Amino acid sequence: MRNFDGRTALVTGAAKGQGRSHAIALAQRGADLVLVDIAAQIPCASRMGTPEELDETARVVESLGASCLTLKADTRSPEQMRDAVAAAVDRFGRVDVLLANAGIAAFGPVRTMADDVWRDVVDVNLGGVAASIRAVAPVMAEQRSGRIVATASAVGREGGPNNANYAASKWGVIGLVKSVAIELAPYGVTVNAISPMSVSTDMCHNDLTYGLFRPDLEAPTTDDVRATFATLNPMAVPWIEVGDATEAVLFLASDEARYITGTALDVAGGWNAFHSA
């Protein structure tokens with residue numbers, strides 16, 4: 001079990017889903033946590049985390065013996081993310097790990113997509129990751145140590161119909177990670193991404209996403225879409241569990257990955273094998 005004793009990790013999108021899974025796993029391994037979530041709904045395909053769910057993440061983390069700071073903040077706001085990092089440093093003295101995980105999805109043809117649907121997805125998925133990284137980078141550079149792991153997507157390496165905003169945002173995350181990795185390498189800070197396939201969270205399991213995969217059905221169910229999801233990767237896995245994504249995050253945030261930087265680690269059942277790069 002990887003050891004994060006004495007380290008402080010800031011996790012965005014921590015109220016539920018991947019963010020909660022990552023936070024709990026880090027707490028189990030000795031880290032203290034700064035849990036950040038907007039804890040409000042932005043128009044998108046799936047239900048977002050609530051204040052009560054953010055509090056529940058904190059409760060679980062603290063039950064594992066970790067110290068925890070909970071903050072409601074919008075990752076799209078550079079000012080709010082700088083304030084979050086400042087609060088983390090004030091409480092714990094440092095930030096050793098940033099998991100820039102917060103993200104949303106919304107779909108539609110690019111020719112008819114509403115401007116706010118385009119803007120919100122790109123602003124959260126790319127702008128929010130950038131604001132989070134930019135807020136923590138000066139702290140980690142001064143410490144001369146740190147691990148940054150952003151959440152990209154297997155979709156970020158390819159195009160897809162009705163998905164241009166999401167694909168563009170996640171492809172941007174990969175480019176961002178590679179660029180910042182070069183800048184922060186002299187300071188002992190690694191910067192990577194995970195690129196998971198569909199993860200079994202609300203972003204995967206919702207009516208809009210199901211409708212995108214089975215437009216031939218009026219109200220498709222999980223069983224209706226399972227086989228279609230499974231066609232996306234050669235292992236024929238419809239979706240991975242949150243724990244599969246968490247294991248990749250833990251590795252990239254660990255000492256064992258100290259010489260791995262500027263990469264996007266695929267957790268995708270071989271979906272990545274279809275990509276040219």
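**View 1. Ser46 sits in the loop between strand E2 (32-37) and helix H2 (51-63).** Helices (H or I, at least four residues) and strands (E, at least two) are DSSP runs, numbered from the N terminus. The model is predicted: local features need pLDDT of at least 70, side-chain atom pairs count only at pLDDT 80 or more, and totals for chains, interfaces and linings use all residues. Residues are numbered from 1 along each chain as its sequence is written, and side-chain values use heavy atoms, without hydrogens and water. Ser46 has 10% relative accessibility, so it counts as buried (under 20% relative accessible area, 1.4 Å probe, protein chains only). Leaving aside neighbours within four places in sequence, Ser46 contacts Gln41, Asp202, Met203 and Asn206 (heavy atoms within 4.5 Å).

**View 2. Helix H1 covers residues 17-28.** H1 has 12 residues. From first C-alpha to last, H1 reaches 17 Å, close to the 16 Å expected at 1.5 Å a residue (1.5 Å times one less than the number of residues). Nine of the 12 residues are buried, so H1 is largely enclosed by the rest of the structure. Among them are His22, Ile24 and Leu26. Just after H1, Gly30 takes a positive phi of about 105°.

**View 3. Helix H4 (residues 115-143) packs with helix H5 (residues 164-184).** The angle is about 15°, and the axes lie 8 Å apart. Therefore H4 is roughly parallel to H5 (angles under 35 degrees). H4 passes H5 in a right-handed crossing (the near helix is turned clockwise from the far one by less than a right angle). Contact residues include Trp118 and Leu126 of H4, and Tyr166 and Leu176 of H5.

Technical notes:
Axes are lines fitted to C-alpha atoms, for helices over the stretch in contact, and angles run from 0 to 180 degrees between N-to-C directions. Angles under 35 degrees count as roughly parallel, over 145 as roughly antiparallel, 65 to 115 as roughly perpendicular and the rest as oblique. Buried means under 20% relative accessible area, exposed over 50%, partly exposed in between (1.4 Å probe, protein chains only).
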